[in-house]
Amino acid sequence: MNETTSLSKTRIQYDDGVVRGFVFWSIAWGLIGMLVGVLAALQLSSAYFNFDLPWLTFSRIRPLHTNAVIFALVGNMMFAGVYYSTQRLLKTRMASDLLSKIHLWGWQLIIVGAAITLPLGITQSKEYAELEWFLDIPVALVWVVFAWNFFWTIKRRNERNLYVAIWFYISTIITIAVLYIVNNLALPVTGTKSYGIFAGAQDALTQWWYGHNAVAFFLTTPILGIMYYFLPKAAGRPVYSYRLSIIHFWALVFIYIWAGPHHLLYTALPDWAQSLGMLFSLMLWAPSWGGMLNGLLTLRGAWHKVRTDPVLKFFVAGVTFYGMATFEGPLLSIKSVNALGHYTDWIIGHVHSGALGWNGFMAAGMFYWMVPRLFGTQLWSRTLADWHFWIGTFGILLYVVAMWVSGISQGLLWAEMEDGGLKYTNAAWAEMLEKSRIMYMMRTVGGALFVVGWVMMVVNLWKTMRSGNKVDGEADVVVMKPEPAAASTGKLVFGTPFVMTVLGLLIAYMFAGGGLWGGVMGFVLLVGFCVAVAVQVKRAAESKFRWHDVIERRPLAFTVLVVLAVVAGGVVELVPGIVLQKNVPLTTSGAYAVAPYTPLELEGRDIYVSEGCYVCHSQMIRPFREEKMRYGDPSRIEESMWDHPFQWGSKRTGPDLAREGLSGNNASWHYLHMIDPRSVRPKSNMPSYHWLADEDVYVDGTPDKIKAMKALGVPYDKARIAGAIVEYREQAAKIVADLAVDGHEIESDRKLVALIAYLMRLGKNELGAQVVDRR
């Protein structure tokens, strides 16, 4: 990838067919995904809307909704924007039409696979990474096809410098590949089941390193690239500040990757990791708002157009919602705020302000601008687009405000005391939930209004397409020929800016974490470093050499720097937990303080995962007085050390289950609760899982699961594996006998028996666990 100089002119035709394909599927899948979201909102208002069907329960369709919105709506929209803008910014057609088509149709087949498997309960239970191993492989392969085509196109470009939008696309392609592969490393057990290689706290850290940065590098950076291309085009104005875009890009890419642990505050995760996540989350305020302001200030001199142009309305509102969401995210990472908001509906409101306001409105603005050009016509109705904007905006605000009120209320109710004890015990959980019911209805109305706006857009764009004909863009471009580079890639990558950055980080670390004398020395060095930076900036201003201008012409050097910026945070966060030896606590008799699951309990855990119980229940008791009174002692890091994957959870629609086995709820209580939740909790919104009493566990496959766990480090011996089926049936027979005493007849191989065994195991076989009767 060398510098280039002009040779001759030629006329090229862009491949806009693939763009039209991604636009179509983004709009179509988006409508489906949002309709599923409305159904999920209705189910939280009333369990009736689960329709007593296993593949329509809230716990199964909620992952379907999130995957549809993230990977189908935003994913296809992102690809449409990338393919459209990349060809025009690089002044060349995509390198391979075949690779573009493989990408387009391969991605849609993956989405179809997700739409089939998730409602069937085939899931890894990892947030935004629920797809099982047999779908993870094609995801990786299709992403490689996308990356290959993209970087090949860069190599064939007819534009000397890479524009800022291309920087964000590069960061997305590189980072998502690293995140997805590492987080989804797993050992397959069957054709549809695998166990992740990480467990417990390490799995939690890895998952939220991925989960947070999937939001960063799938839902944020590529959409920022789209903003940097389409907003100036729509406004007819250049980007406000190219220098600010440089700062915005590098600060965002470097800082974002460190912030994942803020999803795990007050958990059993080591304090250093929690503090690291909070610190870098707060630092995100600066680059995030820098990007927002750069986008909004691009409209200087063009604000009058916003009144009449629906495209600019959507872009301005979208960028504003981006600013709101990126203010709220760091706010929620502050420990005192997180203590109130975590596990509540506040987090749901935060996520949807970004997903609907930022991603949804940027998608709508891009479609309204792009579709008329792809079909050589004018937008069918600007009035209808305006109505879409106002109805969608009102829907978002209604949704977000409802979740703010519900979430803050939940956090306060969980901690409310009366006469020295909890005002609302777990027996009154449904009563607390009832107080959110009106907010759930309000949320449903808000979401439905957003869908109404989306349907308006579908009609408007369909009419627009029908009024024109497919048009592929054309342009006369100057063909560039390769020219020897002025500096080697190594010299560019490890030049003065890189060295100064590393040195600054080391000095900052010494100042912040080096103790008294280290802090004093760090402060002195920090002052000297600031002086050195000022001198270097002055020299750079006087010099004709512009380091960033040079690396913009050198895609390889640029990409290497992106990799270094991204990998640094991942290495610091993940490697210590991977390479350090696990400390397995033992009892005085030499037994494991936290015993591995029995074969029956392991099968029950797999059913817990398959049915999506993790969607509404956490298994992590925080070190708060009210949580200790409600659930027992705070969770410890070793309690989940055999969990592949971890089940700490991120939302409490129902109570925490970390100590459920010590709650006093017997087998008959769990049986009734799963068959008819309202028979034991009259106001519960939990769906019935009565089919578990009729479906069988494939017991002959249990030894293979035990073998897989052993391969991952869980201490099962050969005798345990050989006797797995016998042990399974012996434990199941005891539960069946206990149920029979209370008049509940069920066969021992039923899934419900295994699930009951797992639930009654939670919290047991642990040192110092406090028994709390939560009945």
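**A tour by helix and confidence**

Start by selecting α3 and helix α4 (residues 133–155), which pack at an angle of about 155 degrees with their axes 9 Å apart. Axes are lines fitted to C-alpha atoms, for helices over the stretch in contact, and angles run from 0 to 180 degrees between N-to-C directions. That angle makes α3 roughly antiparallel to α4 (over 145 degrees counts as such). Now show the side chains. The contact (heavy atoms within 4.5 Å) includes Leu99, Trp107 and Thr117 of α3 and Phe134, Trp143 and Trp152 of α4.

This is a predicted model, where local features need pLDDT of at least 70 and side-chain atom pairs count only at pLDDT 80 or more, while totals for chains, interfaces and linings use all residues. Residues are numbered from 1 along each chain as its sequence is written, and side-chain values use heavy atoms, leaving out hydrogens and water.

Next, select helix α5 (residues 164–183). Helices are DSSP runs (H or I, at least four residues), numbered from the N terminus. Of the 20 residues of α5, 16 are buried, so α5 is largely enclosed by the rest of the structure. Buried means under 20% relative accessible area (1.4 Å probe, protein chains only).

Now color by pLDDT, the predictor's confidence in each residue, from 0 to 100. The protein chain averages 90, and 89% of the residues score at least 70.

Where pLDDT is low, the predicted coordinates should not be read in detail.

Note on methods:
Helices (H or I, at least four residues) and strands (E, at least two) are DSSP runs, numbered from the N terminus. The expected span of a helix is 1.5 Å times one less than its number of residues. Buried means under 20% relative accessible area, exposed over 50%, partly exposed in between (1.4 Å probe, protein chains only). Angles under 35 degrees count as roughly parallel, over 145 as roughly antiparallel, 65 to 115 as roughly perpendicular and the rest as oblique.
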